[in-house]
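Trainee: I've got a structure open and I'd like to learn how to read its features. Can you walk me through it?

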Amino acid sequence: MVDTHETAPVTIGPDTKVTLHFSLALEDGSVVDSNFSGKPATFVVGDGSLLNGFESALFGLSTGDEVVLEIDPEQGFGPHNPNNIQRFSKEDFADDVQLEPGLMLSFADASQAELPGVVVEVDDEHIMVDFNHPLAGHQITFAVKILDVIPAVTH
């Protein structure tokens, strides 16, 4: 006897392993990250590879699905926080550092972990450094093509 029952496709959700192509674009359409022309990404839902807002936006999709999703700042990289812009004295920096807007610098936080900051303003005595994620405050267009969804092997 032949089994004619087709199994339902596995959909993205907890305990699934997903392989996909993706791109992230800003409001103006500029692409900030994409792997469509390269090797696809594979992750297990909940492993921390994707921010929760991006991951949960994929729930219910299955192999072969292609979608374009809009991710609000609150579900993506967070809102831009003005408290994350800090003022430093120019004397805090080595004389050989060319301090100019757009320069990314590496700082150590209270636990000595690396904390990137971007110079946003320079005057004669001070510099302003923005410690927000570069994509904070932006609505992100998240385009995905789901290549494979399988149950995750959990031990």
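Trainee: Let's start with the largest pocket. Which element gives the most to its lining?

Mentor: Here's the general idea. Rolling a probe the size of a water molecule over the atoms shows where empty space is left. This is a predicted model, and in it β1 gives the most to the lining of the largest pocket, with three residues. Both β1 (16–25) and β3 (41–44) supply at least two lining residues each.

Trainee: How much space lies in that pocket, and which residues line it?

Mentor: About 190 Å³ of space lies in the largest pocket. Among the residues that line it are Leu-20, Phe-22, Leu-24, Asp-33, Phe-43, Ser-49, Phe-77 and Phe-142.

Trainee: How do those lining residues divide between nonpolar, polar and charged?

Mentor: The lining has 10 nonpolar residues, one polar and one charged.

Trainee: Now the aromatic rings. How many aromatic pairs are there?

Mentor: For rings, look at the distance between centres and the angle between planes; centres within 6.5 Å make a pair, and planes over 60 degrees apart make that pair edge-to-face. The count here comes to seven aromatic pairs. Take Phe-88 and Phe-93: they sit 6.0 Å centre to centre with 75 degrees between the planes, an edge-to-face pair.

Trainee: Zooming out, in what order do the elements run?

Mentor: From the N terminus, read β-β-β-α-β-β-β-β-β-β, which is one helix and nine strands.

Trainee: And why is the protein more spread out than a compact globule?

Mentor: Compare the radius of gyration with the globule rule. The protein has 21 Å, well over the 15 Å the rule gives for 155 residues, so it is more spread out than a compact globule. The C-alpha trace spans about 85 × 40 × 25 Å along its principal axes, and 30% of the 155 residues count as buried.

Terms used: Residues are numbered from 1 along each chain as its sequence is written. This is a predicted model: local features need pLDDT of at least 70, side-chain atom pairs count only at pLDDT 80 or more; totals for chains, interfaces and linings use all residues. Side-chain values use heavy atoms; hydrogens and water are left out. On a 1 Å grid over the protein atoms alone, a cavity is a set of points where a 1.4 Å probe fits but cannot get out, and a pocket is an open set with protein on both sides within 12 Å along at least five of seven lines; lining residues have an atom within 4 Å of a point. Grid points are joined across faces, edges and corners, and a volume is the space filled by probe spheres set on the points. Helices (H or I, at least four residues) and strands (E, at least two) are DSSP runs, numbered from the N terminus. Ala, Val, Leu, Ile, Met, Phe, Trp, Tyr, Cys and Pro count as nonpolar, Asp, Glu, Lys and Arg as charged, and the others, Gly among them, as polar. Rings of Phe, Tyr and Trp (its six-membered ring) pair if their centres lie within 6.5 Å; planes under 30 degrees apart count as stacked, over 60 as edge-to-face and the rest as tilted. The radius of gyration is taken over C-alpha atoms; the globule rule is 2.2 Å times the number of residues to the power 0.38. Buried means under 20% relative accessible area, exposed over 50%, partly exposed in between (1.4 Å probe, protein chains only).
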